[in-house]
Amino acid sequence: MRNDKENLIVKLTFEFALDIIAYSESIRNNNRFEMASQIFRCGTSIGANIKEAQNAESKADFIHKFKISAKEADELQYWLELCLHSDFYPNPSEELLKKLQSIHLIISKIISSSKKK
């Protein structure tokens, strides 16, 4: 199933992972290591699973990898909302939250359209 042409969701999630790395480092700099690690792991996992889906063994495998990415995006949203509402963590930027929302919508659309094919 591999397709080496430029892929929007692969590119978006890679760039988003770089943003997540920077945000998690800002939390780590405040000695909040557990939260930084949670955000780092699920935030970078979104793109890692999408990248892995590019080599899916089947359509079902492709959809499964995207569903894992959707779950990771949901988990990340939870952690970012905690940071947003806590006095102990730096707030995630509005841009970061919007990027996550856009990525989540694209992932959902890809899952939905892949099931119809």
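This is a predicted model: local features need pLDDT of at least 70, side-chain atom pairs count only at pLDDT 80 or more; totals for chains, interfaces and linings use all residues.

Q: In which helix do Phe62 and Phe66 lie, and how many residues apart are they?

A: Phe62 and Phe66 both lie in helix H3, which covers residues 59-85. The two are 4 residues apart, about one turn of the helix. Both Phe62 and Phe66 are buried.

Now for how the rings meet. A pair of aromatic rings is described by the distance of the centres and the angle of the planes. The count of aromatic pairs comes to 2. In one of them, the ring centres of Phe62 and Phe66 are 4.7 Å apart and the planes sit at 40°, so this pair is tilted. Tyr78 and Trp79 have ring centres 5.3 Å apart and planes at 70°, so their pair is edge-to-face. Tyr78 has a relative accessible area of 47%, so Tyr78 is partly exposed. Trp79 counts as buried because its relative accessibility is 18%, and the cut-off for buried is under 20%.

Another aromatic ring has a charged neighbour: Arg32 lies over the face of Tyr89, at 5.9 Å from the ring centre.

Finally, have a look at the surface. Phe14, Leu18, Ile21 and Phe40 form a nonpolar patch there, with about 360 Å² of accessible area together. Helix H1 (residues 8-28) gives the largest share of this patch, 3 residues. Phe40 lies in helix H2, residues 33-53. With 32% relative accessibility, Phe40 counts as partly exposed.

Technical notes
Residues are numbered from 1 along each chain as its sequence is written. Side-chain values use heavy atoms; hydrogens and water are left out. Patches are made of residues with over 30% relative accessible area and no salt bridge: like charges are joined within 9 Å, nonpolar side chains (Val, Leu, Ile, Met, Phe, Trp, Tyr) within 5 Å. Accessible areas come from the Shrake-Rupley method with a 1.4 Å probe; for residues, only the protein chains shown count as cover. A salt bridge is a side-chain nitrogen of Lys or Arg within 4 Å of a carboxyl oxygen of Asp or Glu. Buried means under 20% relative accessible area, exposed over 50%, partly exposed in between (1.4 Å probe, protein chains only). Rings of Phe, Tyr and Trp (its six-membered ring) pair if their centres lie within 6.5 Å; planes under 30 degrees apart count as stacked, over 60 as edge-to-face and the rest as tilted. A charge sits over a ring if NZ of Lys or CZ of Arg is within 6 Å of the ring centre and within 35 degrees of the ring normal.
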